Amino acid sequence: MRSEQAFKNMAANLFLQIVVFISGIILPRFIMQAYGSSINGMITSVNQFLTYLGLAEAGVATASVVALYTPLALGRKDEVNSILSATRKFYNRSGVLFLSLTALLVFVYPFFISGQLDNSLVRWMILVLAGSTRVDYFFLGKYRVLLMANQEGYVVALIQSAGTVANMVVSIGLIYAGASVLAVKAVATGVYVLRLFLVKAYAKKKYPDLNFHARPAEGALKQKNAALFHQVVTIIVNNTDTTVLTICLGSRSLLEVSVYGIYMLVVNAVNQLLTSFSNGLTAGFGEVIARREEETLKKSYSDYEYMYFLIFFVVVACMGVLLIPFISVYTIDMKDVQYVRPVIAALFTLLVFLQNVRIPGLTIICAAGHYKETRYQAGLEAAINIVVSLALVWSMGMTGVLIGTVCSYGYRSFEIILYTNRHLIPGTAKTAFIRIIRNLIVTGVLISLGIWLIPQNMTSFIHWFIYAVASGIVSVVMIVGVNYVAEPRQFKNLILRIQGIVSRKKR
């Protein structure tokens, strides 16, 4: 049952990330062509600042999901309702705080980009882009928490996929109709918010005993503050770059943020693709940990890490070869700023590797709810990012900011592998490092050959797609082949697990 639920979650999350990738690639290009790079940079920058304001959530979602694992596994309905009632209460408080912080941003943000765009447009754009987050706080969050904790995240993912498609279609239609960028974002946000009603309808039908007004068990969210700290760190590390570029680079800040944002379209798509394999498994691992099934945990984790690294290194190999060709085609008509920058592309590829190599270990840490225990390491990661980025941005611009992020990711990923070995699943660090080194060697060879054989300056998406397919096939064959030779038993275990899931689906 766990494997089947995990498969559903992984498949739905993968589908969502494909949809998000397609939308994320198509929409910014339409926006840049219709309204210019400065508008695109402003939208990217505002979204990052709104992510900072998302700290108002105060770790409620993460703490609630962890608190729900055990009562859901043991069928304690009253306890589930009490936790959800506390979740609703905290979300409402967080929503009020978010509204206050948004109002402050409306006043302050135009000063950061003074003279680059009309202040009235910028202020209204902030209010529009904050719309979907307000709905999350006051209405959607409590339902999403329940579904994620009960291994039904696939429902949320599928509904979000539909909302993303609707958002994209409406936006493109409005752009073709000559609507203003503010109107495009306002209508599209309104369409996207409709996903609330679908999630709510499913949850009420599936869980008729739901009671969000039961006596709130606020003490059950004991990990809330620790989860908040990790959320703060994650947002700082993932969004420092855009913030530093916006504030420190003066009159060209929005153009540089636009360049950064285009590379981040690819990076975010890759990150979301990779995390889709962990998002669907965290709740399953949480149930195993709650039941104290140590041998099952150890074996399942090894299978998961092995499978994840196969996918992960194929993705990194392809990104290292195809990123610059993609950017050259994607921005071929954009002349207001230079987008093709090989050094930046190399740093982004390194960033993706260092950010995502930690995912297996981080999945177990989240499933076990070890937020308080790892807060100091997370704090150091954020400190490294901020200090190095600020030290280098003035002399190196975007390159310096990326170096700061690479340094912080490098430290934290290494530490997460060691922490998982020391405190959660003994004996995993040696295996993890052997797998990483083995796959890094193969990936390095593939990237070196790919850059030599594949033209890095392309003018056609058709040519890029052909090379992308060829690169993907070669990478899969090489990486899967090497890992099969190195760990044949582990490979056979993975195939048997997949066959078991497929056979159950057919029945």
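The model is predicted; local features need pLDDT of at least 70, side-chain atom pairs count only at pLDDT 80 or more, and totals for chains, interfaces and linings use all residues. Residues are numbered from 1 along each chain as its sequence is written, and side-chain values use heavy atoms, with hydrogens and water left out.

**Exercise 1. The whole chain**

Task: State how many helices and strands the protein chain has, and what percentage of its residues count as buried.

Solution: 
- Step 1. The protein chain has 20 helices and 0 strands. Helices (H or I, at least four residues) and strands (E, at least two) are DSSP runs, numbered from the N terminus.
- Step 2. Of its 507 residues, 56% count as buried. Buried means under 20% relative accessible area, exposed over 50%, and partly exposed in between (1.4 Å probe, protein chains only).
- Step 3. Take contacts with a separation of 6 or more: residues 24 or more positions apart account for 85% of them. Contact means heavy atoms within 4.5 Å.
- Step 4. The protein chain exposes about 21700 Å². Carbon and sulfur atoms supply 66% of that area. Accessible areas come from the Shrake-Rupley method with a 1.4 Å probe; for residues, only the protein chains shown count as cover.

**Exercise 2. Helices α4 and α5**

Task: Describe how the axes of α4 and α5 cross, and which residues make the contact.

Solution: 
- Step 1. Two packed helices are described by the angle between their axes and the distance between the axes.
- Step 2. Helix α4 spans residues 77-112 and helix α5 spans residues 119-129. Their axes come within 9 Å and cross at roughly 155 degrees. Axes are lines fitted to C-alpha atoms, for helices over the stretch in contact, and angles run from 0 to 180 degrees between N-to-C directions.
- Step 3. α4 and α5 are therefore roughly antiparallel. The cut-offs: under 35 degrees is roughly parallel, over 145 roughly antiparallel, 65 to 115 roughly perpendicular, and the rest oblique.
- Step 4. The crossing of α4 and α5 is right-handed. A crossing is right-handed if the near helix is turned clockwise from the far one by less than a right angle, and left-handed if anticlockwise.
- Step 5. From α4, the contact uses T102, L105, V106, F107, Y109 and P110. From α5, it uses N119, V122, R123, I126 and L127.
- Step 6. By class, this contact of α4 with α5 has 8 nonpolar, 2 polar and 1 charged residues. Ala, Val, Leu, Ile, Met, Phe, Trp, Tyr, Cys and Pro count as nonpolar; Asp, Glu, Lys and Arg as charged; the others, Gly among them, as polar.

**Exercise 3. Helices α18 and α19**

Task: Decide whether α18 and α19 are roughly parallel or roughly antiparallel, then list the contact residues.

Solution: 
- Step 1. The axes of α18 (residues 428-453) and α19 (residues 461-486) come within 10 Å. They cross at roughly 155 degrees.
- Step 2. α18 and α19 are therefore roughly antiparallel.
- Step 3. Their crossing is right-handed.
- Step 4. R438, N439, V442, T443 and L446 of α18 meet V474, S475, M478, I479, V482, N483 and A486 of α19.
- Step 5. By class, that contact has 7 nonpolar, 4 polar and 1 charged residues.

**Exercise 4. Helix α6 and its residue L140**

Task: Find the orientation of α6 against α8, then say what L140 touches.

Solution: 
- Step 1. The axes of α6 and α8 (residues 181-193) come within 9 Å and cross at roughly 25 degrees.
- Step 2. α6 and α8 are therefore roughly parallel. The crossing is right-handed.
- Step 3. G131, S132 and V135 of α6 meet T189, Y192 and V193 of α8. The classes are 3 nonpolar, 3 polar and no charged residues.
- Step 4. L140 lies in α6, which spans residues 131-149. L140 counts as buried, because its relative accessibility is 3%.
- Step 5. Not counting residues up to four places away in sequence, L140 touches V135, R195, L196 and V199.
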